[in-house]
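Me: I have a chain open here and would like to go through it with you piece by piece. Could you keep to what can be read from the coordinates?

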Amino acid sequence: MLDTVLDKGRPSVEHFDVEHVMTPKNMPKLRLFYVAPTILLLTLAVWPLIRGAETLYTRDVLTSHYPLKSAQAETLRQGKIPLIDPYRAGGQPLLGNPNALPLYPSNLLYLVASPLWALNAHFWLHLLLAPVSFYWLGRAWGIRRSAAWAGGVCYASSGFFLSLLNLYNLVAGAALAPAFIAACLDAWNRDRLPSSSRRRLAVAGVLWGLLILAGDPMFAALALGLAFAAVMARGQSAANAARGPSANAPWRAHGLPSALVVLCGTLLAAPMLIEFLRILPLSYRGYWQFSIRAALSQSWDPRSVLEWFLPFFFGRPDFTFWGMSFYGGNPPLLYSLYPGLLSLGLVISSGRPRSRGAWWAWGATLAGLFMAAGAWNPVVRALYALPGASALRYPVKLWLIVALGCSLLCAIGFERLLDDGGRRLSRIFGGMTVVYLVAWGLLLRQPPALISFLQQLDPERLNHATLMREVSRWSALSLFSLITLGLLALIVRLSRNRPAAGGALLLVTHLLAQGFFLQPLYDGDASEFYQRPPRVLLAVPSGSAPNGSAPNGSTPPGSAHQGSTFVHGDFRDLFGKVAIQPLRLFPDPRFFWLSRLQYDELHPFAGAARGQRYELNHSPEGLDSFFSISVSRAIQQQDDEGRLRLLAAIGVDRLILGRRIAPEAADLVDLQAVAPGPPRDTFVYRLPQAAPQVLLAGTVLRAPEMSSALRILTAETFDPRTMVVLPGDGPELRGELGHVDIVTDGHEVLEVETSSKNAGVLLTQRAFLDIYRATIDGQPAPLVVGNLERLAIEIPPGKHRVRIWADRRPTRLAWLAALVGVIGLVVVGRRRRGEARHRRGEDATTGASDEG
């Protein structure tokens, strides 16, 4: 039965060369020659991650997402879904932070495995899912099985997708997007809505919910837009063919159910979305927003088209990378967009669009290039000037559209390879070989005109020695590209009579070449290094922690002072720019040496994963408290004395620093320990004047604006152990210090008993978030911002019982909404009475026509 050609909404039999169509009888061959080698090679590439011997480390994998997921794993194992991360910056939002993927299904792995293994599993599972997901998209467009799988291989092995293996909040969305578009296409492939189409529509609703939970709203929105465009493209074509009133039948039959499943899929993510809306107004991203320049900083520079042909043209993803000027002055969000030589050839081979799928693919590719240009495109710059648009950072993320469009073109080009025996692809490979030969020859000869041109790419960073090193690397890449092109061309030539087998061998060669060229994108470091106690932790003496340490005063093994709040002065240059010369300090330029140094020096990701509270360790997406991030930036602008006074005011009693404190501020700290290098000594200081974790201050000062509050907190006369600063112009209080007994101290609740002769302010060392509520003796009481960023409440004189907690009532309602979403999707996808009999009769008729 030729199910690939007889399915409704797919091309007719005449469209295919029947000799090469994969029928159900040939499915074992597809699995053997196409699927099995792909999965095997991808599995081998990430095998060290699978068995737990290595961990990914580039960018935010360890420094941001590892501590986030460690905190979540701790609470999940207690049977709760956390609202906040208690170990980060005084307790920052977790459930409402989409970048933390708080409700994504891969979180179940943290219940049965170590956080580090589960973190890496999230990456390699989606890498293995990507070709399967795209295969479904190819089949939904009517592309034969082997070609659809080829498109999936090109997508999963592209530089775009492999670059996402260091972006925890993007990789899942990129893996799910093709499947969501495919489900929408499959659900819309008939004028009526039989049970099979409704089930696919329900699946599309589930996938839409997963896309929202996958970590990046932009990827979810792009997938929805691409699905709409795909349905429109195919529906409009069908309407043109019908040329009658019945042309609108699909829209009448499918429009309302489609809107319903999108709504139900959105409701699946309601708990996260509701919390997101609660935290957004006072987050840095919602309150202050990013500047247009910052939002457009990661745009696709058209000059970087060179990287399509030579991977890592602007430097490998390590300390030798020199091309920041092509990426807004920063390291690129996507370290490579190299598609691969086979992918380039197949895209060219696809030729002009001859089908609806080809038109959609070319349209997506060109639209993606247009929008991803960002700062280089005056239209996009104008759009980002609109109110709120700058919250959607980094136009280069629109490369998802380009990657999907080009991969579908690869699938179409692969079909043409099967149809013409590879003659067209052979000519394309020949032309590419000439180009690479010329490039290789020029790079070997190094004519002065070429060297002068290359020097102008970045005169500041490309000094003569660096340029000569890069020229040698480019010439080697050109040579290896020539060898790869030769192998590909030879396979095409030798397999003209057996294009299906030759196609499978082409894909294997392509995967091997991509693994060779792009291996730095998924480079790993030994996991065991990050499971032993850090060097600084071993140097800090135990038994001196304040309230919260072990009952006998000792520190639990493998943990820091559990009652202390740490700040690492080198984290994001809080105590000034860190002068590290990695090419001199480390054995080689790979980033993991810096990760190891930061782990040994007890940077936040090392301590927070061991249950240690840190301050000013904000996540990079801008959804943490605006007040907390503002304090962090204020500290960067102070001298050491001002920094220490401000840290004491927010309750930080331990400072880790990669240098000695300035002499003029030395009397504000006690040197507790020195952890000797290599590669450098690390100093641990205690701040004796730090505010306690809970304080009932009798002296209350007022500041009408943040700058005046900052001046008060950094003044020599301010004592954080007895004073507090509140916003506003109200009267100051000069009373006695009150007494506080802690009754309950949990991650989301604090209950204390207070007593004082005069009115005062209860100051807690928790970040001010709008999700908190408070009562005094059972009566609601307003919360205020104390000491620029802390949670505080004004207390009348006398004895009182004060309770502060994170309000979960909206979250509970959101869970009910999620349940409604589940019920709605079940109702949409269920089989209606009497429809099963009709469907079996239709299948029997179809089967008879197949045999005929």
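Me: Is Thr811 buried or exposed?
Reply: This is a predicted model, and in it Thr811 has a relative accessibility of 2%, so Thr811 counts as buried. The residue is found in helix H30, which covers residues 809-829.

Me: Which residues does Thr811 touch, leaving out those up to four places away in sequence?
Reply: Thr811 touches Leu83, Leu95, Glu275 and Arg278. With Glu275 there is also a polar contact between the side chains, at 2.5 Å.

Me: Switching to salt bridges, how many are there in the whole structure?
Reply: A search of the whole structure gives 34 salt bridges. One of them joins Asp216 to Lys397, where the closest N and O atoms are 2.8 Å apart.

Me: How exposed are the two residues of the Glu753 and Arg801 pair?
Reply: Glu753 is partly exposed, with a relative accessible area of 35%, and Arg801 is partly exposed too, with 34%. They form a salt bridge in which the closest N and O atoms are 2.5 Å apart.

Me: Which residues are linked in a network of salt bridges?
Reply: Asp85, Arg88 and Asp624 are linked in such a network.

Me: Now the sheet with S10 in it, what is the strand order?
Reply: The order is S10-S16-S20-S19, an open sheet of four strands with antiparallel pairing. Strand S10 (694-697) and strand S19 (784-786) stand at the edges, and each has a single partner strand, so one side of each is left without a neighbour in the sheet. From one strand to the next, the twist averages 35°.

Me: How many bridges are there between S10 and S16?
Reply: S10 and strand S16 (residues 760-767) pair over four bridges in the antiparallel sense, and the bridge partner of Leu695 in S16 is Leu763.

Me: Last topic, the nonpolar packing: which residues of the largest core touch the most other members?
Reply: In the largest nonpolar core, which has 212 residues, these are Tyr155, Phe160, Phe161, Leu164, Trp399 and Ile793. Helix H8 (residues 168-187) gives the most to this core, with 16 residues.

Me: What is Trp399 in contact with, beyond its neighbours within four places in sequence?
Reply: Trp399 is in contact with Phe160, Trp300, Trp308, Leu334, Leu337, Leu369 and Ala372.

Definitions and conventions:
Residues numbered from 1 in each chain as written. Predicted model: local features only at pLDDT ≥ 70, side-chain atom pairs only at ≥ 80, totals over all residues. Heavy atoms only, no water. Helix = DSSP H or I, 4+ residues; strand = E, 2+ residues; numbered from the N terminus. Buried < 20%, exposed > 50% of the residue type's maximum accessible area, 1.4 Å probe, protein only. Polar contact = N/O pair within 3.5 Å; in protein donor to acceptor, adjacent residues only side chain to side chain. Contact = heavy atoms within 4.5 Å. Pairing = 2+ DSSP bridges. Axes fitted to C-alpha atoms, helices over the stretch in contact; angles between N-to-C directions. Salt bridge = Lys/Arg side-chain N within 4 Å of Asp/Glu carboxyl O. Core = buried A, V, L, I, M, F, W, Y, C linked by side-chain atoms within 4.5 Å.
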